[in-house]
Number of protein chains: 2
Amino acid sequence: MRLVIVGGVAAGTKAASRARRVDSLMEITVYQEEPEPSISECGLPYLLSGMVEGRDRLVARTPEKFAEQDIEVRVRHRVEKIYPGTRKLSVRDLATNETFEDSYDRLVVATGAGAVMPPIPGADLDGIFGLRFLTDADEVLDYIRDHSPGKAVVVGGGYIGLEVAENLCRIGMKVALVEGADRVALAYGPEVSEKVEAELERNGVDIFTGEKVERFVGDGHIRAVKFGDEEIEADLVIFGVGVKPSIELARDAGVEIGATGAIRVDRHMKTNVPDVWAAGDCVETTNLVSGGPAWVPLGDTANQMGRVAGTNAAAGDDVLEFPGVLGTGIFKVYDLGVGKTGLSEKEAEAAGYETVSAGVEARDRAGYYPGAGKVFLKLIADADTGRLLGAESAGSGADKLVDICATALWGRFSYLDLVNIDLAYSPPFGPALSPVIQAATILSGQFDRAREGTRVTE
Amino acid sequence: MRLVIVGGVAAGTKAASRARRVDSLMEITVYQEEPEPSISECGLPYLLSGMVEGRDRLVARTPEKFAEQDIEVRVRHRVEKIYPGTRKLSVRDLATNETFEDSYDRLVVATGAGAVMPPIPGADLDGIFGLRFLTDADEVLDYIRDHSPGKAVVVGGGYIGLEVAENLCRIGMKVALVEGADRVALAYGPEVSEKVEAELERNGVDIFTGEKVERFVGDGHIRAVKFGDEEIEADLVIFGVGVKPSIELARDAGVEIGATGAIRVDRHMKTNVPDVWAAGDCVETTNLVSGGPAWVPLGDTANQMGRVAGTNAAAGDDVLEFPGVLGTGIFKVYDLGVGKTGLSEKEAEAAGYETVSAGVEARDRAGYYPGAGKVFLKLIADADTGRLLGAESAGSGADKLVDICATALWGRFSYLDLVNIDLAYSPPFGPALSPVIQAATILSGQFDRAREGTRVTE
């Protein structure tokens with residue numbers, strides 16, 4: 001029995017390890033285009049500043065380590081075609097540029113996602129980079145070493161752009177961030193976007209919102225970035241405008257693609273093609289709040305999906321299920337943690353909900369306990385049923401509040417379930433009533449008033 | 001309509017404020033024995049070291065502040081008798097030592113809990129204190145100022161004793177902690193107790209477990225503490241051996257007392273006596289995991305109960321419910337956060353469950369991200385059904401892990417619900433898979449093996 005896994009970052013390597021635990025005898029081969037497997041891509045922005053010390057720290061396991069588990073990892077190999085009828089593969093060895101044929105009994109597609117590079121004039125100038133793979137970071141670091149750029153422009157105000165802006169600023173560059181929308185961190189409400197912009201500006205990052213880059217100016221090398229009435233100098237540009245699922249290989253093999261543009265799988269991570277599973281950033285799943293399809297390319301989810309796909313592929317059976325995601329995410333800019341789970345108000349309204357929300361500005365410990373920091377939390381609920389739809393938080397301890405709310409969403413809690421919830425309190429760890437309880441209590445008052453309003457008009 | 005509240009710390013003052021919001025006209029009087037209302041008793045240990053700067057920081061609101069809400073707070077007044085038949089009260093003014101009669105239409109009993117002082121020979125020597133009320137802390141601080149004690153013994157290794165030991169050590173005293181059981185932090189499993197002992201010892205606290213204090217030695221003033229073969233010098237002793245509910249007043253008025261020794265109430269915080277509600281540390285509630293009665297005297301729970309009792313008493317109706325508690329708690333010794341929710345293994349076994357558990361030693365951020373701390377987490381589940389019964393954690397970010405698990409227990413999750421839960425990940429905030437997910441995945445493997453074992457023997 002031969003299992004082949006296409007892609008060896010998070011989902012692919014997790015699937016391989018799990019498959020080995022399920023079946024100690026099956027042949028397992030992982031093909032990985034990049035020079036290393038098992039890369040912690042979430043750490044790339046921190047590599048730029050040296051906060052993560054050395055690229056090797058981002059390689060969780062080498063091919064040699066996988067070999068100890070009797071898993072063959074072939075790096076710098078690209079699977080170019082899948083023939084599901086005959087269960088054959090065409091593989092290119094990128095070192096020799098030669099192709100060869102391989103075969104599988106079972107296949108896991110974990111081809112991940114690639115950086116989106118918008119077609120902006122001048123984007124082929126030297127000094128303009130995406131930041132998706134470890135090899136991208138290598139190129140940026142080589143460029144910084146060789147050219148000592150002093151002025152950087154980051155294109156895109158999503159979490160990757162924000163993290164990159166911080167990390168370039170930390171090594172002394174003058175950094176400008178350009179975002180097409182009217183605010184950064186668009187997945188969040190405006191209160192959070194404001195805090196993120198303020199934290200970056202306080203630390204010296206210039207932010208230009210509502211501005212689309214028109215043109216990169218230069219002569220061989222990047223020299224300036226043009227948008228609106230501005231032309232700002234730059235000798236380094238990094239795109240942080242997002243990623244798209246890498247699905248061409250699977251689609252060409254007849255694998256169904258979902259509404260989000262990512263591979264459609266069932267709860268067992270099976271595709272529509274027999275003996276082909278898929279996992280990770282190339283896969284579409286369900287948003288458990290809205291019930292709709294979701295594509296959320298994140299490392300933790302990729303690991304969880306890889307575990308399910310690897311187990312089921314090894315067993316050749318529907319052993320484990322992956323139920324879906326909440327859209328939980330978190331990032332940090334300087335000292336500000338920013339996270340969310342479920343739907344933002346905008347997302348909830350787009351999904352057809354009428355929403356109520358309550359925001360609190362709270363402290364992360366008892367008021368009298370020294371060193372208290374501030375944290376913002378907003379809860380969003382369905383105005384009809386009271387069901388929680390989402391939460392977002394920014395500030396000290398935002399990660400805790402988001403994880404409490406994610407767990408509440410996972411359990412399909414109503415706001416009422418949070419009013420009396422028994423969370424952990426002592427002065428060093430929070431106010432006597434958690435911001436989650438405070439916000440739920442405010443929501444409770446809003447629902448009460450809404451009901452009284454209804455009663456009066458009846 | 002006149003509402004009287006007996007007790008003005010957390011539950012009593014919260015009940016008063018809520019009652020005022022429900023009914024803007026009713027008369028509200030709070031009787032409080034101590035010289036101040038609205039005291040943050042959880043902060044008392046930190047007052048001893050000066051980490052909390054000044055006693056007034058622990059008084060959340062003064063009687064004058066309550067007066068602005070038209071709530072009368074009469075401090076240094078003790079309600080000595082309740083006559084439920086006539087709805088009268090006998091009240092002693094502790095300043096004049098005179099008694100007078102008052103009356104109520106509705107009554108909230110929030111008499112709290114008092115320190116347990118075991119009857120040990122010599123306990124009447126000068127320099128031996130409990131630490132329950134702000135006035136206790138005043139006495140200790142006066143004593144420290146007047147006598148400059150250099151050697152302290154803390155009796156009891158529960159969370160108050162542990163916090164007191166740290167805070168006395170922080171101001172330069174040589175501190176010994178004596179605990180009768182074979183380890184401190186008995187509400188936890190032995191792994192956590194060990195970490196707590198190690199953290200205190202690392203910081204210079206001497207710990208004697210399995211030792212019961214036999215005698216306090218001294219001549220007017222405390223000079224030494226005798227236990228087992230030891231007699232250790234001490235010029236200050238603080239009891240941290242726990243509290244008991246103050247229920248005599250209510251019991252004498254015919255209020256039913258529950259199995260735990262605290263006041264029995266229904267889900268609306270009503271006692272068996274008409275027009276009498278009760279809330280806070282004097283009240284018994286339900287442990288939502290075991291379904292049994294629980295007495296958990298904690299500030300956050302008291303606030304939540306006070307909200308329910310105050311609302312219902314003001315409305316004269318069953319408007320709000322307090323469902324019960326999980327037994328969630330947390331404390332800190334030096335840099336070690338220690339928390340739990342639900343049942344420990346010992347508690348679960350006492351409640352009749354057969355348990356399985358999984359412990360993980362994890363990091364609080366990605367391994368490659370600088371400054372990672374360590375954290376231990378143990379999940380405990382029902383071996384029959386897989387339902388989560390409890391969790392305990394110690395280390396960096398223990399508060400977050402405990403709150404995630406408390407929310408999971410609140411939603412009656414099984415271990416399986418946590419394997420794929422969508423928590424917030426990015427490198428500064430945790431490993432790619434949260435320790436909660438790691439532990440649940442280990443449990444999952446244990447259940448799988450148990451099932452296979454069953455299959456084989458069938």
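With 12 C-beta neighbours inside 10 Å, Arg412(A) counts as exposed, because a residue with 12 or fewer such neighbours is placed in that class. The model in which this residue is seen is a predicted one. Arg412(A) belongs to the loop that runs between helix H10 (398-410) and helix H11 (416-419) of chain A. Its backbone carries a phi near 55 degrees, a positive value in a residue other than glycine.

Asn97(B) sits in the loop between strand S5 (88-93) and strand S6 (98-103) of chain B. With 7 other C-beta atoms within 10 Å, Asn97(B) is exposed.

From these loops the reader may turn to the relation between the chains. The same surface serves both copies, since 100% of the contact residues of chain A recur in chain B.

The contact between the chains draws on 54 residues from chain A and 54 residues from chain B. On the side of chain A that touches chain B, at least two residues each are supplied by helix H8 (299-315), strand S22 (329-333), strand S23 (336-342) and H10 of chain A. The largest share of that side, nine residues, comes from H10(A).

H10(A) also packs against its counterpart in the other chain. Two packed helices are described by the angle between their axes and the distance between the axes. For H10(A) and helix H10 (residues 398-410) of chain B, the angle is about 15 degrees and the axes are 8 Å apart. Angles under 35 degrees count as roughly parallel, and H10(A) and H10(B) are therefore roughly parallel to each other. Their crossing is right-handed. The contact is made on the side of H10(A) by Asp399(A), Lys400(A), Asp403(A), Ile404(A), Thr407(A) and Ala408(A), and on the side of H10(B) by Asp399(B), Lys400(B), Asp403(B), Ile404(B), Thr407(B) and Ala408(B).

In chain A, the axes of helix H1 (residues 11-22) and H8(A) come within 7 Å and cross at roughly 40 degrees. That angle makes H1(A) oblique to H8(A). The crossing of H1(A) and H8(A) is right-handed. Among the residues that make this contact are Gly12(A), Ala15(A) and Ala19(A) of H1(A), together with Ala309(A), Gly310(A) and Ala313(A) of H8(A).

Chain B has a corresponding pair of helices. Helix H1 (residues 11-22) of chain B and helix H8 (residues 299-315) of chain B pack at an angle of about 40 degrees, with their axes 7 Å apart. The residues in contact include Lys14(B), Ser17(B) and Val22(B) of H1(B), and Met305(B), Gly306(B) and Thr311(B) of H8(B).

The largest nonpolar core holds 302 residues, of which Val108(A), Ala278(A), Ala279(A), Val108(B), Val109(B), Ala278(B) and Ala279(B) touch the most other members. What surrounds Val108(A), once its neighbours within four places in sequence are left aside? Its contacts are Ile5(A), Gly12(A), Ala15(A), Trp277(A), Ala278(A), Ala279(A), Ala309(A), Gly310(A) and Ala313(A). Of these, Gly12(A) and Ala15(A) also take part in the contact of H1(A), and Ala309(A), Gly310(A) and Ala313(A) in that of H8(A).

Two residues in strands of chain A complete the account. Thr285(A) lies in strand S20 (residues 283-286) of chain A. With 26 C-beta neighbours inside 10 Å, Thr285(A) counts as buried. Beyond its neighbours within four places in sequence, Thr285(A) is in contact with Ala294(A), Phe322(A), Gly324(A) and Val325(A).

Gly218(A) is found in strand S13 (residues 215-219) of chain A. With 19 C-beta neighbours inside 10 Å, Gly218(A) counts as partly exposed. Apart from its neighbours within four places in sequence, Gly218(A) is in contact with Gly122(A), Leu125(A), Arg223(A) and Ala224(A). Gly218(A) and Gly122(A) are 96 residues apart along the chain, and their C-alpha atoms are separated by 7.6 Å.

Definitions and conventions. Residues numbered from 1 in each chain as written. Chains lettered and ligands numbered in written order. Predicted model: local features only at pLDDT ≥ 70, side-chain atom pairs only at ≥ 80, totals over all residues. Core = buried A, V, L, I, M, F, W, Y, C linked by C-beta atoms within 7 Å. Buried ≥ 20, exposed ≤ 12 C-beta atoms within 10 Å, placed from the backbone. Contact = placed C-beta atoms within 7 Å. Axes fitted to C-alpha atoms, helices over the stretch in contact; angles between N-to-C directions. Helix = DSSP H or I, 4+ residues; strand = E, 2+ residues; numbered from the N terminus. Parallel < 35°, antiparallel > 145°, perpendicular 65-115°, else oblique. Left-handed = near helix turned anticlockwise from the far one by under 90°.
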